[in-house]
Amino acid sequence: MKNKKHKNKVILFISFLFITILCSASINVSAQCAPNPYPSGKAGHSMIYDTLNDVIIVYGGTTSFVGDYKDHSTYDVLAYDCNNNNWTNLNPIGQPNGSSWTAIAYDSESEKLIQFSGVAPDGTYSDDTWIFDYVTRTWTKANPNATPAIRHNHVMAYDSESDVVILHGGIAHNEYNPTGEYIHYNDTWAYDFNSDTWTNMNPSGLDVGLAEAQMVYDSESDRMIMFGGYYTQPYDAPGPEHYSQETWVYDYNSNTWENVTTTIHPDYRIDHALAYDSESDRTILIGGWQLLANSPIVSETWIFDYNTQTWENMNPSSQPERYGHQIAYDSESDLVILFGGISRTQASVPYDLIYTYDYNSNNWTAMSKVLCPTPTPTSFIVVLPMLSLFSILAVIVIRRKRN
Ligand SMILES: [Ca+2]
Ligand SMILES: [Ca+2]
Ligand SMILES: [Ca+2]
Ligand SMILES: [Ca+2]
C-alpha cells in the first residue's frame, strides 16, 4: 500500500515535470524571432520577392563604407519572411562573381532567380549569368551563346506575360576600356531562362543609357517602368544635366521605349528604390540621392500609376531617409519591404532594420529586431519558477489525496 502511494507520487511528479517541459518548449516554438546574430545591414545589394515561397531574397551588397566598400562585399543569400518577421541565411552552394551593384530578377514561371555581372570583392567583373534555386539553395552558372557586356549599376526585371528578364544600361570601369573612360551602356537585352538565351533587343525610343536607374514590371499594364539614374560620367559632375528625372516605359511586345512626361514627378536622383504593388496597381519609389541638392539624401515616398500617367508624392506622417537601399513587394502580405541603405545620420554602416510600407494606409512601420534567445542560464529564469510552481501544486494534490 505504501509502495503504491509512493508510485502514484512519482507518476504524478513526472507528469507535472513533463507538462512543465512541454509548456516551456512551446514558448520558444511560437516566438517570432530573428537568427542570432541578426544579419548585417547592406547597401548596393539586390532584392526580389519570391512569389512561390513567399519570401524576400536579399543577395550580396556591402556591409560597410569604411575604407574601400569592396573589402566589405558579401555573397550572402538571405531570405526574409515578413509574416513571421524572420530571417534565414540560406548558405548557398556555389557563388556568382559579381556581389555588389549587380542586378537580379525573379522568373516566377521557372521559379528561378537570375543574376548578371556586377562588381566582385577584388574589383573585377565577369559577364556570367548565374541562376539561383531557392529549394536546393544552389547557384548554377548558365551557358548562353551571347551575353551583354560586363557592367554594374544596370537594371533587371521580369516580364511575366512574356516570360523574359529585361536588362538595361549600367556602366563598366575604365580598366576595361583602352581609352581610360567609363563605358556607358544604352542597350536593352532580354534573357529567356528556358532556352538560356540573351537577345540584344535594339529597341526604338531610348537613345541614352542610364546607370543607377531603377526598373520594375507593372504586370497589369505589361510594361517595364524605369525612373532616375544618370546619363554620363563622371557621376558626381556638377550640373543637373547628367541626371535623369524622366519616367521611361518599355514594352517588350512592341520592343519600344516610351518617355512618359508628367507635370508633377520626383526630382532627379540615383540609388533610390522601386517596387510594384500588384494589388493596388501602383509603382512605389522610395528615397534616393540628389548629389547637387542641399539635403542630398532623400526622404520621400512617391507613387506612379502608368494607367493614368501620374506621379503623386504621398507625404506619409513618417518615413525612412535612405539611399543605396532596396525595396520589394510581398504580394501575399500586400506590403512593400525595405532593407538596408544609408542616411546622413548613418553614413558608413548600412541599416539592418526592416521597414514595411502599406500603400493602402500610406503607413511606414519599423519591424522589431527580436532575436532568438541563446541557450544561456537566463532561460532558467522562466523554467525554474514554473518547475517550482508545478512541484508545489503536486505536493498539495498528493497531500489532499492522502488525507
Ligand atoms: Ca521562364
Ligand atoms: Ca498598371
Ligand atoms: Ca496594396
Ligand atoms: Ca508574406
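Two strands are taken to pair if DSSP finds at least two bridges between them. Helices (H or I, at least four residues) and strands (E, at least two) are DSSP runs, numbered from the N terminus. This is a predicted model, in which local features need pLDDT of at least 70 and side-chain atom pairs count only at pLDDT 80 or more, while totals for chains, interfaces and linings use all residues. Residues are numbered from 1 along each chain as its sequence is written, and chains are lettered from A and ligands numbered from 1 in the order in which they are written.

**View 1. The hairpin of β21 and β22.** Strand β21 (residues 301–305) pairs with strand β22 (residues 310–313) in the antiparallel sense, over four bridges. W302 stands opposite N313 of β22. Four residues lie between the two strands, and Q309 in the turn has a positive phi of about 55°.

**View 2. The open sheet β9-β10-β13-β14.** Four strands form this sheet in the order given, with antiparallel pairing. Strands β9 (155–159) and β14 (197–200) stand at the edges with a single partner strand each, so one side of each is left without a neighbour in the sheet. Neighbouring strands are turned against each other by 25° on average, direction ignored; the axes are lines fitted to C-alpha atoms, for helices over the stretch in contact, and angles run from 0 to 180 degrees between N-to-C directions.

**View 3. The pairing of β10 with β13.** Strands β10 (residues 164–168) and β13 (residues 188–192) run antiparallel and are joined by four bridges. L167 has W189 in β13 as its bridge partner.
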